[in-house]
Each structure stands twice: as C-alpha cells, then as structure tokens.
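Hi everyone, thanks for coming.

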Amino acid sequence: MLFGVPMPLFSSGRRPLSPGSRAGLGAALVLLALVSAVELADGGMVNYVGLVAAAPFLAAAFASWRMVLAVGVLSTVVAGGFALTGQVVSLAAVVNVIGIGLATAIAAGVAAIRQRQAEQIAELSKLAAVAQQAVLRPIGPQVGSLAVAGRYISATATADIGGDIYEALDTPYGVRMIIGDVRGKGLDAVRLASIVLGSYRHVAYERSDLRAIVADLDRAVARSVGDEDFVTAALVEERGGTLTIVNCGHPPPLLLRRGQVIPLEPPAPAPPLGFMPVVRPRVERLEPGDRLLLFTDGLGEARRDGEFFPTADRAWRLLGHGTVGHGLASLETALVEWVHGRLDDDIALVLMEYAGPRPVSTTAVPSWEVGAADH
C-alpha cells in the first residue's frame, strides 16, 4: 500500500530556490558547460580548465553556501576529469584542480557571510516594520462623525520605518487629528515619533484648546531631542462642523470643496515643535461633502526630471471620488507613477470627509406614557 501513495519530489521542509539563487546556479552551470565544450573542442590538451574556478564565485553572488559548495564540487570533478583524461597529466593541470578546490572553499565562506548578513538585514526590516506598526495604528474608516483614512508610503522598498506620523481621535472636544514629520530617519526618528504620538494620545483628551496641546507636545519634544532636532506638525479639530487648524512649520492642509482645492495657510507662521512655537488657529466652517487632505512634505518634494508632482492641480480628480480610502489609493498610484517608483522621502497621508452635522437623537416615549407626558 505504501507504493500507492504519491510521494513529493522534494521534502515539505525544503524551500524552493529564490530567483537570485537560480540565476547564480544557472550562470555557474553555463560557465561549466562552455569551458567543457572548449576543452573538448581543443582536443586532448588541458588548457582552459582553470576558468572553471569562476563557477563557485558566480554562484556565491546569489546562492547559499551549500549550493556554492555543490557547484564547487562539481567544478572540481569536471576539472579533475579533464586533467586525468588528457594526453599528459601536467603539473599545471594538477595545480588548476587544486586551485578550483581552494576557490570553492573561499566562495562558500563568502556565500555564508553574505547569507548571514542578508538574514540579519531581513530580521531588522521585520523589527522596523513591527516598530512602525506599533507607532502608527490604523485609523478609520469612521472617527466620530468623520470618514477618515490614513496611508503611509515608504521611500524604500525594504523597510517602512520612518518619522512621519498621523493619528485621529474622537475626543470630548470633537474629532482631533495630527500629522507630523520628525527630522531624521531610522530608529531615532521612530523613537521620537512614538514620544510625540504617545503624548498626543494623552493630551488630546485632556486639553480643551489646541494651543495647549501644542505647548505640551513642544515640551515633550524638547525633553527628548538635541538642539537641531524638531518635529513639524499640523493639528486639526472638527467640532460641530467647525474646523480649527494650528500649524507648526508643516505643509498646510488642502480643503477640497465643490471641485476646488484650497490650501489652508496659517494666519501666521510658527516654528516646528521643539522650538517653542506660538501658534494662531485658523477656523473654517465645513460644508457637507468637504474633504481635507493632510500630508507630510514628502508629497511636496516628489518630482521627476526636476518637475514636482502637481498635488493641488490633481487633488480633486484623485481624491474627490469614492470613499476616502479609494481617494488615497488613487493619489498613491498617481504619485508612484509620476516619480517612476523612486521617492526621496517617506509620505504620510490622511484624508477626511465631513458628511454634515450629526442627527439629534431623541429618546422614544413608550406608548403607554404618551398620555402621561402631556400632563
């Protein structure tokens, strides 16, 4: 009965070869085939077998050390076969075979070091992604009375780590949002981003005035950074259809209303967090259907051939349709296409939509109390 059970060609624990390993192995085998063909065409003299030493090094550029060792053993066997079957077993041929063996050992060592470094980089990338996800929690699709979506676009394909931040909270003082950009990159930027967001998630529920929140965040940044570090940020509050914005050295949000794109510039400029900003709020009255785009400066700096991405010109066409999540997806697609997939800086995006005032909820009176309510 055992012979009737189909057995897999490879054990389930063996992982398939990666494209890079296949490329390295293929290049090594092609070199072996070419050298073998040249030696056979040359007759009985062993003149070119030393070229086989390059085969394990070709494999070492991409493949694992075990694969490199297998290629090296095969190369040594091929070279030894030509050396023994030649018309004369010369000293040069023997030296070539020994050299191929030494080259195999060196190439396997190089491959082992490269593989270990690749595994360490992959582990660091995973840790960076986990750290980023711990700092930037998913937001939306509904926060209070607002439809909200957030998106983080990394400038590098290998890691999502950076210093761009965003958050949206439903507080007793209305829906409050923050978007910011920490100066710098890497784990230091993530550490400062976590400090800013942690402080914001606390004080957003405690302070009735956005200016007080800015003062709290400024003190948190000043305690945690050096003299040249800072955080640009824009804080937004929606309460009963009234939009209040304070800006600390950050790109102004864009208000999308009836096909128009309106930059909400602050009444007066203010420095970033960490430089004791004194902010003046900007207040707008929202209309049903209004959308607001918050973004970091990576969007404003995205360019190709020196031409910047026309955010204001294309914002309504990209962001004014479907849900707010669909709008951000369209913006990201257009942006990546514009820069041909090469961004200079990370980008954080938040898009919110105001549907109108909340309906006033009334408590239904039971039918048997209707008469009593009139007395």
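Predicted model: local features only at pLDDT ≥ 70, side-chain atom pairs only at ≥ 80, totals over all residues.

How many aromatic pairs does a search of the whole structure find? It finds 2. In one of them, the ring centres of Phe-230 and Phe-275 are 5.8 Å apart and the planes are at 40°, so this pair is tilted. Phe-230 is in the loop between α6 and β5, Phe-275 is in the loop between β8 and β9, and 45 residues separate them. Phe-230 has 22% relative accessibility, so we call it partly exposed; Phe-275, at 37%, is partly exposed as well.

Now back to Phe-309 and Trp-338. Their centres are 5.9 Å apart with the planes at 80°, so this pair is edge-to-face. Phe-309 comes from the loop between β12 and α8, while Trp-338 belongs to helix α9, so the pair ties together parts 29 residues apart in sequence. Trp-338 has another neighbour, too: the charged end of Arg-304 sits over its ring, 3.8 Å from the centre.

Let's move to strand β7, residues 254-257. Side chains in a regular strand alternate between the two faces of the sheet. Here both faces are covered, with Leu-254 and Leu-256 buried on one side and Leu-255 and Arg-257 buried on the other.

And the partners of β7? β8 pairs with β7 in the antiparallel sense over 4 bridges, with Gln-260 as the bridge partner of Arg-257. In that hairpin, 2 residues lie between the strands, and Arg-258 has a positive phi near 50°. β10 also pairs antiparallel with β7, over 3 bridges, and there Leu-256 stands opposite Arg-291.

How values were computed:
Residues numbered from 1 in each chain as written. Heavy atoms only, no water. Phe/Tyr/Trp six-rings, centres within 6.5 Å; stacked < 30°, edge-to-face > 60°. Buried < 20%, exposed > 50% of the residue type's maximum accessible area, 1.4 Å probe, protein only. Lys NZ or Arg CZ within 6 Å of the ring centre and 35° of its normal. Pairing = 2+ DSSP bridges.
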